[in-house]
Amino acid sequence: MAESEPVPDPVQVGEKRGCSEDREEDTPAKKPKVENDHENGGPPHQDESEEPEGEASDGEEDGETFADMMKHGLTELDVGILKYVSDHEGFSGILKERYSDFVVHEINKQGKVVHLDDLSIPAEAEEVPEVEAQPKDCDVLTEEQKKQLGELQFFKNKEENVSIEMMDDTKEKRTLVHKAIKTQFPGLETKTEEKDGRKFIVAYHAAGKKALAEVKTTAAPRKHFWPKNRGSFCHFVLYKENKDTMDAINVLSKFLRLRPNMFSYMGTKDKRAITVQEIAVLKITAERLAHLNKCLMNLKVGNFCYKNHPLKLGELQGNHFTVVIRNISGTDEQVHQAMTSLKQTGFINYYGMQRFGTTAVPTQHVGRAILKNDWNEVVDLILKPRPGAEKEFLVRCREEWAKTQDPEAALKKLPNKRCVEGQLLRGLSMYGKKNIVTAFGLIPRNNRLMYIHSYQSVVWNTMVSRRIEAFGLKAVEGDLVLRGTAAHVLTADEAETHSIHDIVMPLPGFDVVYPSHHIGKGYRELLSADGLDIDNMRHKVKDYSLAGAYRRIIIRPSDVHWEVIEYDDPRISLVHTDFEKLENKPAPVFNKEGKYRALRMEFSLPPSTYATMAIREVLKLDTSIKKQTQLNTTWFN
């Protein structure tokens, strides 16, 4: 997953908006030092349409409500999210009652907030490919020779070739004639022959009459013509509703008949949200992309321009969020205290709940088994029956595996073989249960690394909670700060000149240092309790060797603004989106007094931070799907 992680979904509420008639209803990756946008390495571009483990099920099963299914989900306590930095009184509210309550705008590497505000095609995209200029050497051929070559080109003469004698023979002259024939008469090939001491250039058809259909005259543009003065990459803004980034790219790929890895981007964005981000694609015109706006569902593209480079993961400066918390219970004074604290102090930079999966088998447990090299446990955790949110076909697949341990039989129960369970079963059927490492390798690398990064994340969360509990919000001797990309251990005197906002904590790995106070020793104890050796974080499989990274423990958002709004209709949108502005639709109008109250907040965050954790600090509320679903169900009832 990348920088703008999805807020846990409450009960799904149908919604109709913007650019589509229908609506439907996100994955982490090694390099130590400072964490970047794609969190410890980030998702690669290849083959990312597979769903993370546990996400093969989306939606409700008959006879069981979403709230019932989520009884087995995780809470914040389960993943080390324990502390707050402020002492204001919390209040309740509903996150993402509608997906339009969460709007994300990427902040590009120039620091500009990305908006979709122009659907026009840039002038250079409309240019007609110019006919290639005739070479200056075209007069090396006589009119009679041109006539003969033209007839040969279209098989109008009875001869199989045309021979041109070189009277004043030089290599330079022959080169000009070869070039003139090939330029002016596409489809013809040339060769030099010598007869009776004289040299001839012979023109002929290389592929016979079948090639005639493919012959293009110089007046016709080449099929894949791309002007030299145009950048090779078309950069555009992607506006999407209720889709994750890879789903959107897969849709664009299918329409354009491209491989998904032809697209590049700076970070993945939330699924249950409205998000705006920059995308780049290799040698696809703005005109072709713009045509897609007529048929795309939940997506719009615009703000086209051509550049000579793709986009790279982590290049962005962050994301700007507009978040609506509905049905708040807090007074205006409580809201003011909470938002002022967020603006001035910030929040603990925990990894959000979406890092750890939504099912009864947390992703960090699978990651721990991988790091312990316990591959039978890995298979068992992924494939064994489990309570909670599951599609019926997954339940049948797990039951079949538990009963027979036959990967082919279990695989037949899955209509979609591309989920993690399907990929693992396919690997087991191909390589056997004695070669689990190879079989597990059939799961896309991004999804495999998600498991071990989840384990790193829960360790980090737990140790940061202990650090805040022990020392509060001040820098102390033994804390770590970054100097460049390397960590430095503070002395007592140095701690006096640093603030909590300078302090970093390590994700466990072989290339990091740990705090020198007792919290550093806590890392060793925690990993040891899990059967891992902190001094040996290299793995037999290179992909699973953890270098580690450093992450700031407190983040202070920028551009913080908020207002309490009142409204009567819970179905209306409370945010004016880019698409609505393009359609000249009016901004929402709020009542001075309404049946419901909502907090609408805006803030910007750097890469690799979770907006849910900022919201948690404001509300003092558990942001897990389990807790939010309970709250949301009570509200709707």
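1. Asn-161 stands opposite Tyr-204 in β5. The two strands involved, β3 and β5 (residues 198-205), pair in the antiparallel sense over five bridges. Two strands count as paired if DSSP finds at least two bridges between them. Helices (H or I, at least four residues) and strands (E, at least two) are DSSP runs, numbered from the N terminus.

2. A word on the source. This is a predicted model, in which local features need pLDDT of at least 70 and side-chain atom pairs count only at pLDDT 80 or more, while totals for chains, interfaces and linings use all residues. Residues are numbered from 1 along each chain as its sequence is written, and side-chain values use heavy atoms, with hydrogens and water left out.

3. The β3-β5 pair belongs to an open sheet of three strands, ordered β3-β5-β4, with antiparallel pairing. β3 (161-165) and β4 (188-195) are the edge strands, each with a single partner, so one side of each has no neighbour in the sheet. Neighbouring strands here are turned by 25° against each other on average, direction ignored. Axes are lines fitted to C-alpha atoms, for helices over the stretch in contact, and angles run from 0 to 180 degrees between N-to-C directions.

4. Two helices lie across this sheet. Helix α2 (residues 143-153) lies across β3, β4 and β5 and runs at about 160° to β3. Helix α3 (residues 171-184) lies across β3, β4 and β5 too, running at about 150° to β4. Contact means heavy atoms within 4.5 Å.

5. Next, β18 and its partners. Strand β18 (residues 596-605) is mostly covered, with eight of its 10 residues buried. Buried means under 20% relative accessible area, exposed over 50%, and partly exposed in between (1.4 Å probe, protein chains only). Strand β10 (residues 318-326) pairs with β18 in the antiparallel sense over eight bridges; Val-323 stands opposite Met-601 in β18. Strand β17 (residues 558-567) pairs with β18 in the antiparallel sense, over eight bridges. There, Val-564 has Leu-599 of β18 as its bridge partner.

6. Check the backbone at two loop residues. Ser-608 sits in the loop between β18 and α17. Its phi is near 65°, a positive value in a residue other than glycine. Ser-608 is buried, at 2% relative accessible area. Asn-327 lies in the loop between β10 and α6. Phi of Asn-327 is near 55°, positive in a residue other than glycine. Asn-327 counts as partly exposed, at 26% relative accessibility.

7. How many of the residues of helix α17 (residues 611-619) are buried? Nine of its nine residues are. They run through Ala-611, Thr-612, Met-613, Ala-614, Ile-615, Arg-616, Glu-617, Val-618 and Leu-619. The cover includes β1, β2 (102-107), β10, α6 (332-344), β11 (347-348) and β18. Just after α17, Lys-620 takes a positive phi of about 55°.

8. Glu-76 deserves a look. This residue is found in the loop between α1 (66-69) and β1 (94-95). Glu-76 counts as buried, at 4% relative accessibility. Not counting residues up to four places away in sequence, Glu-76 touches Ile-81, Met-353, Met-613, Arg-616, Leu-621, Asp-622, Thr-623 and Ser-624. Leu-95 is found in strand β1 and is buried, with a relative accessible area of 1%.

9. The axes of helix α7 (residues 363-371) and helix α13 (residues 445-471) are 7 Å apart, at an angle of about 100°. That makes α7 roughly perpendicular to α13. Angles under 35 degrees count as roughly parallel, over 145 as roughly antiparallel, 65 to 115 as roughly perpendicular and the rest as oblique. On the α7 side, the contact residues include Val-366, Gly-367 and Ile-370; those of α13 include Met-450, Tyr-451 and Val-458. The contact of α7 with α13 divides into eight nonpolar, four polar and two charged residues. Ala, Val, Leu, Ile, Met, Phe, Trp, Tyr, Cys and Pro count as nonpolar, Asp, Glu, Lys and Arg as charged, and the others, Gly among them, as polar.

10. Helix packing, another pair. The axes of helix α9 (residues 392-404) and helix α11 (residues 420-431) come within 12 Å and cross at roughly 30°. α9 and α11 are therefore roughly parallel to each other. Leu-394, Cys-397, Arg-398 and Trp-401 of α9 make the contact with Glu-421, Leu-425 and Leu-428 of α11. By class, these are five nonpolar, no polar and two charged residues.
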